[in-house]
Amino acid sequence: MNTTQHLTTQFQMVLSENMAAMANSSHQWYDSLQRWHLELFLIPASLLTLATLLANPILLACILFSRSLRQETRYLLLANTLAADMLFLSLNLVTVVCNTLGVAMLRVLCELVSAVTAAAYCCAVLTVTLKVVDTYVAVRWPLHYHDLLPPARTQKILVGVWLLAAMYPLSLVIVMEVMEDNAPQRSEVCLILISIGKMDSEMMDGVHIYFTMGAVVCTLLILYCYGRLYWVTKTQGIWQSRYSRARVTLLAHGVLLLLYFSPGLVFTVELVLYQRQEVSQDIRVWINTVNMCILMLLPRACAPYLYGLWYRDISDTLLAVLHRRRRLSQVTVA
């Protein structure tokens, strides 16, 4: 019993030291932001977020209010990706604005926002990976596709994806709240990087394992599905034309997948650099700012326009709605 109490006390002391270091890091981080005038990155961040938040609800409404689109797995996956991206972009913009303007956020609120942001990012990446798996199943077993992935099963899978994405970040918040009794109540800068970077070694190892396993599983699934798709369809002649729809689709989706996964790899580099004392604070701040304000937003800004133009069912639905509203306006004027 005494040994357990001693270990608990020692663990709390380590966490208290880490929280003091976190407060110091937040202050230094804010000083670097102001010194380099990185608040200018609010301009591209706001524009990319606005472009996405204007398009995503329209596509989401087209899918949810169309009975035929709701019955297809690929559109349910797309709707989930759009919803996760909207949640991520909203919280990310709030975080960037608060950090650049020096708005001190409550520690509990900061941790919750960070956890939900991480969950939304992971959910979007997992759903994009499932879209590749869905394409593989549709091409590989076209006659049994609707039996393998009916809408009801897809909805259950998406609920599981949200739970899987949110489980670990929220559990970290609970653990940190239980152990951080003497921590400062407000954080000058709210960043996932600082929160994770000041964890003890065991919790840090868990974070690395969580992200590494997720990245490895998603990458292997994508490579396997695309490799098998090419092997199965290469004898059908669809790859011979340089500008065939299949080739252009694969290229577009490949670029989009790269854009979705790249910020996660950059964040891994950020974690490594944060642990290196010889790395300048300014370098860390610049990399993190570019990642949060540009790299993480690019795929989410491109996705709705790519899917809206490329998927004929969605574009036809949008055109039908526009024609219907135009007719109603003409009738009203007449």
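**Notes on the model**

1. H37 is partly exposed, because its relative accessible area is 48%, where buried means under 20%, exposed over 50% and partly exposed in between, with a 1.4 Å probe and protein chains only. H37 sits in the loop between helix 1 (2-35) and helix 2 (42-64), and its phi is near 55°, a positive value in a residue other than glycine. Helices (H or I, at least four residues) and strands (E, at least two) are DSSP runs, numbered from the N terminus.

2. This is a predicted model, in which local features need pLDDT of at least 70 and side-chain atom pairs count only at pLDDT 80 or more, while totals for chains, interfaces and linings use all residues. Residues are numbered from 1 along each chain as its sequence is written, and side-chain values use heavy atoms, with hydrogens and water left out.

3. As for the overall make-up, the protein has 13 helices and 2 strands, and buried residues make up 41% of its 334 residues. Among the contacts (heavy atoms within 4.5 Å) with a separation of 6 or more, 86% are accounted for by residues 24 or more positions apart.

4. Helix 2 packs on helix 4 (residues 73-101) at an angle of about 155°, with the axes 9 Å apart; axes are lines fitted to C-alpha atoms, for helices over the stretch in contact, and angles run from 0 to 180 degrees between N-to-C directions. Helix 2 and helix 4 are therefore roughly antiparallel to each other, given that angles under 35 degrees count as roughly parallel, over 145 as roughly antiparallel, 65 to 115 as roughly perpendicular and the rest as oblique. Helix 2 passes helix 4 in a left-handed crossing, a term used if the near helix is turned anticlockwise from the far one by less than a right angle, with right-handed used if clockwise. The residues that make this contact include T52, N56, L59 and I63 of helix 2 and L78, L82, D85 and L89 of helix 4. By class, the contact of helix 2 with helix 4 has 16 nonpolar, 6 polar and 1 charged residues, where Ala, Val, Leu, Ile, Met, Phe, Trp, Tyr, Cys and Pro count as nonpolar, Asp, Glu, Lys and Arg as charged, and the others, Gly among them, as polar.

5. How do helix 4 and helix 5 cross? Their axes come within 8 Å and cross at roughly 155°, which means that helix 4 is roughly antiparallel to helix 5. The crossing of helix 4 past helix 5 is left-handed. Among the residues in this contact are L77, L78, A84 and F88 of helix 4, together with V116, A120, T127 and K131 of helix 5. The class count for the contact of helix 4 with helix 5 is 14 nonpolar, 6 polar and 4 charged residues.

6. Helix 4 also meets helix 12 (residues 298-310), the axes coming within 10 Å and crossing at roughly 150°, so helix 4 is roughly antiparallel to helix 12. This crossing of helix 4 and helix 12 is left-handed. On the helix 4 side L78, L82, D85, F88 and L89 take part, and they meet R300, P304 and Y307 in helix 12. The contact of helix 4 with helix 12 has, by class, 6 nonpolar, no polar and 2 charged residues.

7. P304 lies in helix 12 and is buried, because its relative accessible area is 2%. Leaving aside neighbours within four places in sequence, P304 is in contact with T52, A55, N56, L59 and L82. The C-alpha atoms of P304 and A55 are separated by 6.2 Å, although the two residues are 249 residues apart along the chain.

8. Which residues touch the most other members of the largest nonpolar core? They are W29, L78 and I314, out of 66 residues in that core, and helix 5 (residues 107-140) supplies its largest share, 10 residues. A nonpolar core is a set of buried Ala, Val, Leu, Ile, Met, Phe, Trp, Tyr and Cys residues joined through side-chain atoms within 4.5 Å. Not counting residues up to four places away in sequence, L78 touches I63, K131, Y307, Y311 and I314.

9. C98, also found in helix 4, counts as buried because its relative accessibility is 15%. Residues up to four places away in sequence aside, C98 touches V103 and M105. The C-alpha atoms of C98 and E188, 90 residues apart along the chain, are separated by 8.8 Å.
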